[in-house]
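Here is a short note to read alongside the structure. Keep the view open and look up each residue as it comes up.

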Amino acid sequence: MTDVTSSKSARHPHHWRHDLIELAALFTAVVVADTIAKTIAKGPEGPYLLVFSAVALVATAAFHTWWARRRSHASHAPPAGDPGGRPAVVPAARPEPAAAEGPGADGGSGRAAGTSLWRMRTTVADTPGSLAALCTVLARLDVDILTLQTHPLADGTVDEFLLRAPADLSAQALVRETAAAGGRDTWTERADAHDLVDTPTRVLGLATRTALDAAELPLALRQLLGRCTLHSVPAVSLTGRPTGEQAPVEGVLEETVMRLRDPHGGTLVVERPYLPFTPTEFARARALVELDARLGPRLPRGRDVLTLPEGNEITVRRADQRDLAAARAMHDRCSARTLGLRYHGPVGDADRYLDHLLSPRFGRTLAVQTASGRLVALGHLLWDGDETEVALMVEDDWQRRGIGSELLGRLVAMAEEAGCDSVYAVTQSSNTGMVAAMRALNLPLDYQIEEGTLVITARLAPAPRPGARTQQHGGSRPAER
């Protein structure tokens, strides 16, 4: 067992020199006090002075004792919060959570009751202080900078902002003040909550979608670059002749046009006339295309097994060019009337369209196969510039069983997911099955006759903000060739 007394002595060693000094001081004080007492005792007020001196001496001694004990306790006591004598760690004060912001919240800054989100891109000189001058002007307008991206150029820097501005600030005023601060070629566009996602997160999400589905590359490029037009130009035409379109491996950037080599052959042409592409955007687009090329052909593995009214089971799944042989075999089993209603041209040319239609560059394809694996129906969602076409073909022996309506409903759902505001179908008035399937969508329909061909357009949900639609220019429709 440890001796507590010896332990204390070890921590606080006794100093005999201090005791000797105190005894000497006490002896000296007694001598001095005796001398003073003898001197003042002979005076008329001697006893009173003696009593006063004794009281003062006692008070001084008491104060000295208290002060010495206080200092000794402070020097030997461990820091507060740690009984072991270690220095106490004081946690940093947590910042108060910021007040939630929302439309109409001014946060005490005096800004207008309502606010609006803007995307703004402007070019400034690559000199010290140029960005600071622009930010000062925005602050004077009570504009809050939410995000900022910089795109270096040879003769300046393109700064891309996401701004929260007072609702009464117009685009013209924003452009005018930006120009006064040194910004040039300024472009503005309304934004919404989707733009609050930071760029690295958004790019990683697009890369993930592209990795899972080859058909997502055109849509990912569209969402990455904003409002633009994509053309997929094949290396070989439908008639088998080389088109001469083959971009170099590294791609080509020409102001408002970029050309990228399509991993499936041909060239992806991206155009944005209203805003030149920056080298940063070009590098991001090339990275997505390279990712698609390295992964090769791929489709989501999901498939749905459905039971028809008569009890037969069918499987609905995605299809691509690997299903070309099965699709041609289905053509061989279809009647001339079925092929004519689908392709609106010579029946002998039907097989030429299949490679184009099954390519993920021009849209998405759904296939229906039986329990034995035979392909009996195809449904296509085709990107056609700013419009989107739906097309169906069901083998003769499997028509009038609800397969076409099932495919059409799924294609329309895909179009809505891609941000399309409408879809159209090209058919003939005698194709009552297609007309009935379009009506069964319970969507607003528009009918138009073009040279004896019926075009039915279905309006989908309200279109999202400009620049968010994900469509691809797929060239002219097979029916028009």
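1. Start with a term: two strands pair if DSSP finds at least two bridges between them. Strands E7 (residues 257–261) and E8 (residues 267–271) are joined by five bridges and run antiparallel. Within this pair, Leu260 has Leu268 of E8 as its bridge partner. Bear in mind throughout that the model is predicted.

2. Now widen the view to the sheet. E7 and E8 belong to an open sheet of four strands, in the order E5-E8-E7-E6, with antiparallel pairing. The edges are E5 (229–233) and E6 (252–254), and each of them pairs on one side only. On average, neighbouring strands here are turned by 15° against each other, direction ignored. Helix H8 (residues 279–295) packs on this sheet and touches E6, E7 and E8. The direction of H8 makes about 25° with that of E7.

3. Look next at a hairpin. Strands E2 (residues 144–153) and E3 (residues 156–166) form it, with two residues between them. Nine bridges join E2 to E3, and the two run antiparallel. Asp144 stands opposite Arg164 in E3. As background, strands of a sheet pair through backbone hydrogen bonds, either parallel or antiparallel.

4. Which residues touch the most other members of the largest nonpolar core? They are Val368, Ile403, Leu407, Leu408 and Met438, out of 35 residues in that core. Several elements give two or more residues to the core, among them strand E11 (363–370), helix H12 (403–417) and helix H13 (432–439). H12 supplies the largest share, seven residues. In soluble globular proteins, nonpolar side chains tend to be buried together.

5. Take Val368 as a case to inspect. Leaving out residues up to four places away in sequence, Val368 touches Ile314, Thr315, Val316, Arg374, Leu375, Val376, Ala377, Ile403 and Leu407.

6. Helix H11 (residues 350–358) is worth a look too. Its buried residues are Ala350, Tyr353, Leu354, His356, Leu357 and Leu358. The cover over them includes E10, helix H9 (324–333), helix H10 (336–343), E11 and E12.

7. Turn to charged pairs. The whole structure has 22 salt bridges. One of them links Arg361 and Asp262, whose closest N and O atoms are 3.0 Å apart. Arg361 sits in the loop between H11 and E11, and Asp262 in the loop between E7 and E8, so this pair ties together parts 99 residues apart in sequence. Are the two partners buried or exposed? Arg361 counts as buried, because its relative accessibility is 1% and buried means under 20%. Asp262 is buried as well, at 3%.

8. Compare two further pairs. Arg298 and Asp292 form a salt bridge with closest N and O atoms 2.7 Å apart. Arg298 is buried at 10% relative accessible area, and Asp292 is buried at 2%. Glu310 and Arg401 meet at 2.9 Å, N to O. This pair joins the loop between strand E9 (303–307) and E10 to the loop between E13 and H12, so parts 91 residues apart in sequence are tied together. Here Glu310 is partly exposed at 42%, and Arg401 is partly exposed at 27%.

9. Finish with a network and the cysteines. Arg119, Arg121, Glu160, Glu189, Arg227, Arg272 and Glu281 are linked in a network of salt bridges. The structure has zero disulfides. Cys228 is buried at 3% relative accessible area, and Cys420 is buried at 4%.

Key
Residues numbered from 1 in each chain as written. Predicted model: local features only at pLDDT ≥ 70, side-chain atom pairs only at ≥ 80, totals over all residues. Heavy atoms only, no water. Axes fitted to C-alpha atoms, helices over the stretch in contact; angles between N-to-C directions. Contact = heavy atoms within 4.5 Å. Core = buried A, V, L, I, M, F, W, Y, C linked by side-chain atoms within 4.5 Å. Buried < 20%, exposed > 50% of the residue type's maximum accessible area, 1.4 Å probe, protein only. Disulfide = S-S within 2.5 Å. Salt bridge = Lys/Arg side-chain N within 4 Å of Asp/Glu carboxyl O.
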